[in-house]
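Open the model in a viewer and keep the selection tool at hand.

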2 protein chains.
Amino acid sequence: MQKHNFSAGPCVLPKEVLQKASESVLNFNNDNLSLLEISHRSKPFVDVMENARALALELLGLEGKGYKALFLQGGASMQFLMVAQNLLEKRAAYLNTGTWANNAVKEARIFDDILEVASSKDANYNYIPKGYDIPEDHDYFHCTSNNTIFGTQMKTFPNSPIPMVCDMSSDIFSRSLDFSQFDLIYAGAQKNMGPAGTTLVVVKEDILGKVSRKIPSMLDYKVHIGKGSMFNTPPVFPIYVSMLTMQWLKDLGGIAAIEKENEKKARLIYSEIDLNPLFKGFAAKEDRSDMNATFSLINDDLKETFETMVQEAGINGLNGHRSVGGYRASMYNALTLDSVKVLVEVMSELEHKA
Amino acid sequence: MQKHNFSAGPCVLPKEVLQKASESVLNFNNDNLSLLEISHRSKPFVDVMENARALALELLGLEGKGYKALFLQGGASMQFLMVAQNLLEKRAAYLNTGTWANNAVKEARIFDDILEVASSKDANYNYIPKGYDIPEDHDYFHCTSNNTIFGTQMKTFPNSPIPMVCDMSSDIFSRSLDFSQFDLIYAGAQKNMGPAGTTLVVVKEDILGKVSRKIPSMLDYKVHIGKGSMFNTPPVFPIYVSMLTMQWLKDLGGIAAIEKENEKKARLIYSEIDLNPLFKGFAAKEDRSDMNATFSLINDDLKETFETMVQEAGINGLNGHRSVGGYRASMYNALTLDSVKVLVEVMSELEHKA
């Protein structure tokens with residue numbers, strides 16, 4: 001039975017990427033060796049790493065603009081720490097749009113006090129705060145572009161007078177933006193880029209080297225840049241699969257092409273949520289995420305019926321996060337419009353049944 | 001052509017493990033979903049994680065002895081930092097047996113001064129120092145059980161009056177030891193345990209929580225223990241392949257069984273190095289590693305001939321590290337005795353030719 005995988009992450013990846021990834025575990029590069037058992041210093045893997053780093057900059061339109069791409073370990077949670085380690089000298093400004101933004105603040109507080117420029121905590125993070133000020137005398141401004149748990153997404157970004165750092169874990173490579181407005185972008189791979197186990201960091205080199213503390217080697221962006229993202233053994237397989245996924249995206253036509261698909265998928269599901277009297281959306285309409293649609297049944301008596309129908313349709317990973325409840329349809333790059341159609345059909349059938 | 005993979009790491013893994021790993025990328029758990037696209041909170045993956053943690057303790061004979069096993073990210077290099085973050089209050093004692101031991105000291109020095117109890121730097125680390133004292137008033141003693149680059153291995157461990165921390169990245173699960181003499185063991189996966197991308201940490205819980213500094217969440221062993229090694233999204237695929245490799249080892253008869261094989265392989269190669277007049281070993285005989293045999297040609301004129309023969313025999317990854325030169329035969333658990341026989345035959349043929 002075909003599965004429709006709406007998991008929030010790790011999540012659906014393109015079929016052709018999975019096929020190549022599976023083959024590489026048995027025989028990589030036609031060399032009769034597994035990708036898992038070759039040296040990371042061998043030419044075939046160095047080529048993978050360099051290709052992955054170049055593709056990341058190319059897809060984001062950041063080639064030749066002073067940025068470096070790194071593939072590190074530890075997920076966004078490690079970046080919460082590394083960003084502060086590398087950039088926080090006196091004080092930093094954070095926008096609080098939910099759980100992950102909060103966790104980023106928590107790790108940065110180990111170094112110094114943090115200014116929360118605005119927060120949507122008052123409404124369980126169902127909207128994106130706007131109209132806040134970013135103070136010029138702070139070291140950097142940190143925001144989270146998409147909030148997986150709450151289903152909100154920043155549609156515009158502030159004109160920051162200080163370096164802007166953005167956690168794009170859940171919407172990297174999903175929509176066109178002027179990425180040069182950011183000085184540091186990071187993203188755990190396991191949504192739009194690849195499997196769990198590596199984290200993309202794209203950093204403008206000239207913001208580095210300005211703090212006075214001694215930074216441990218593994219947490220120092222400059223160390224990783226100096227070693228071509230190979231300071232120590234990198235997570236070979238997750239980086240290879242990320243490279244394949246970026247190549248798949250490039251072949252499709254890049255971010256501009258996938259953005260159109262993502263918009264179609266989002267319009268379809270939100271239109272059903274709004275028109276179907278059995279459902280209601282969670283996030284404020286203007287801040288709705290194109291990646292994660294959060295919604296719930298108005299009448300919980302239909303829960304069992306709906307969930308049985310969902311299961312019978314081969315739909316996977318639709319449960320909402322415990323902080324919000326209800327349902328969450330995650331529609332990352334590799335999820336097809338057809339899968340969204342299947343879900344919308346189930347929602348519509350429920351209306352006819354009820 | 002069959003390959004004989006003597007890579008120092010990432011390195012050879014069992015064929016049946018690679019087969020299952022490859023299948024899991026297309027269809028895991030007969031669920032018609034890839035292992036790479038399921039939630040790490042789903043039951044099938046939570047089972048993998050718990051099984052991997054249990055197998056690590058079982059293989060080391062540390063069940064029910066107050067230890068916890070974790071699968072983290074960042075390799076041994078991240079452990080150089082985490083060990084000091086979590087255990088170093090005043091001063092720590094390190095044994096310097098080579099490059100990796102040095103790197104461990106370097107990261108710990110960010111926190112405080114470090115005592116080097118002994119060093120074999122005077123002889124380019126070709127032996128293991130013995131007869132040193134470990135001061136009682138230090139926080140912990142750190143050593144490296146096997147030195148991949150130099151081909152030396154600690155055959156016995158000191159009776160340490162303070163907690164003993166051991167980097168076993170390159171010989172974990174390869175030989176029987178009383179593992180309860182260690183308070184913290186860590187090992188990057190990419191030798192005897194699995195592919196690059198995860199690091200095993202086995203820690204005795206009662207040594208934790210004794211430093212006064214505030215530890216960042218991602219660097220705090222207690223945080224990872226509290227979350228069952230799932231504080232954030234773990235590196236799913238590297239952990240799964242590590243679990244398969246540990247299961248393979250258990251099915252073989254565990255460490256005691258593989259140790260016999262490893263001894264046979266080591267005896268074979270060292271006997272050839274000692275008896276063949278064209279070669280000489282690098283490491284002091286009593287400290288020779290069963291995992292990595294370092295040797296070189298006495299007469300460099302034979303280099304080209306030897307290396308051509310090596311290549312024609314399908315032997316891969318035999319180049320020595322630049323700090324030592326010559327050759328290095330890494331003979332981790334999954335390398336077969338037959339592969340060592342092929343190498344020894346090539347060395348012996350060279351003698352007949354020369």
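Select helix α4 (residues 99-108) of chain B: this helix lies across β3, β4 and β5 (141-144) of chain B, and runs at about 155° to β3(B). Helices (H or I, at least four residues) and strands (E, at least two) are DSSP runs, numbered from the N terminus. Contact means heavy atoms within 4.5 Å. Axes are lines fitted to C-alpha atoms, for helices over the stretch in contact, and angles run from 0 to 180 degrees between N-to-C directions.

Two notes on the source apply throughout. This is a predicted model, in which local features need pLDDT of at least 70 and side-chain atom pairs count only at pLDDT 80 or more, while totals for chains, interfaces and linings use all residues. Residues are numbered from 1 along each chain as its sequence is written, chains are lettered from A and ligands numbered from 1 in the order in which they are written, and side-chain values use heavy atoms, with hydrogens and water left out.

**The seven-stranded sheet of chain B**

Now show the strands. Seven of them form an open sheet with mixed pairing, in the order β2-β10-β9-β8-β5-β3-β4 (chain B). Two strands count as paired if DSSP finds at least two bridges between them. At the edges are β2 (67-72) and β4 (114-119) of chain B, each of which pairs on one side only. From one strand to the next, the twist averages 20°.

Strand β3 (residues 92-96) of chain B pairs with β4(B) in the parallel sense, over five bridges. Pick Ala92(B): its bridge partner in β4(B) is Ile114(B).

Then move to β2(B). Helix α2 (residues 43-59) of chain B lies across β2 and β10 (199-204) of chain B, at about 130° to β2(B).

**The three-stranded sheet of chain B**

Select residues 279-281 and 327-330 of chain B, which are β11 and β14, the edge strands of another sheet, each pairing on one side only. This open sheet has three strands in the order β11-β12-β14 (chain B), and the pairing is antiparallel. Its neighbouring strands are turned by 35° against each other on average, direction ignored.

Strand β12 (residues 292-297) of chain B and β14(B) run antiparallel and are joined by four bridges. Across β11, β12 and β14 of chain B lies helix α8 (residues 303-312) of chain B, running at about 25° to β14(B).

**Between the chains**

Display both chains. The contact takes 55 residues from chain A and 55 residues from chain B. About 4300 Å² is buried between chain A and chain B, and carbon and sulfur atoms give 60% of that area. Buried area is the accessible area (1.4 Å probe) that two parts lose on being put together, summed over both. Select Pro10(A), Leu36(A) and Glu37(A): in chain A these lose the most area to chain B, together 14% of what that side buries.

Stay on Glu37(A), which forms a salt bridge with Lys15(B), the closest N and O atoms being 4.0 Å apart. A salt bridge is a side-chain nitrogen of Lys or Arg within 4 Å of a carboxyl oxygen of Asp or Glu. Between chain A and chain B there are four salt bridges.

Next, colour the chain A side by element. The elements that give two or more residues to the side touching chain B are α1 (15-26), α3 (75-87), α4 (99-108) and α6 (236-252) of chain A. The largest share, seven residues, comes from α1(A).

**Single residues**

Return to Pro10(A), in the loop between β1 (4-5) and α1 of chain A. A cis peptide bond joins Gly9(A) and Pro10(A), with omega about -5°. In chain B, a cis peptide bond joins Gly9(B) and Pro10(B), with omega about -10°.

Over all chains, the whole structure has 29 salt bridges. One of them joins the side chains of Asp113(A) and Arg91(A) (3.3 Å, N to O). Asp113(A) lies in the loop between α4 and β4 (114-119) of chain A and Arg91(A) in the loop between α3 and β3 (92-96) of chain A, so the pair ties together parts 22 residues apart in sequence.

Finish at Asn124(A), in the loop between β4 and β5 (141-144) of chain A. Phi of Asn124(A) is near 45°, a positive value in a residue other than glycine.
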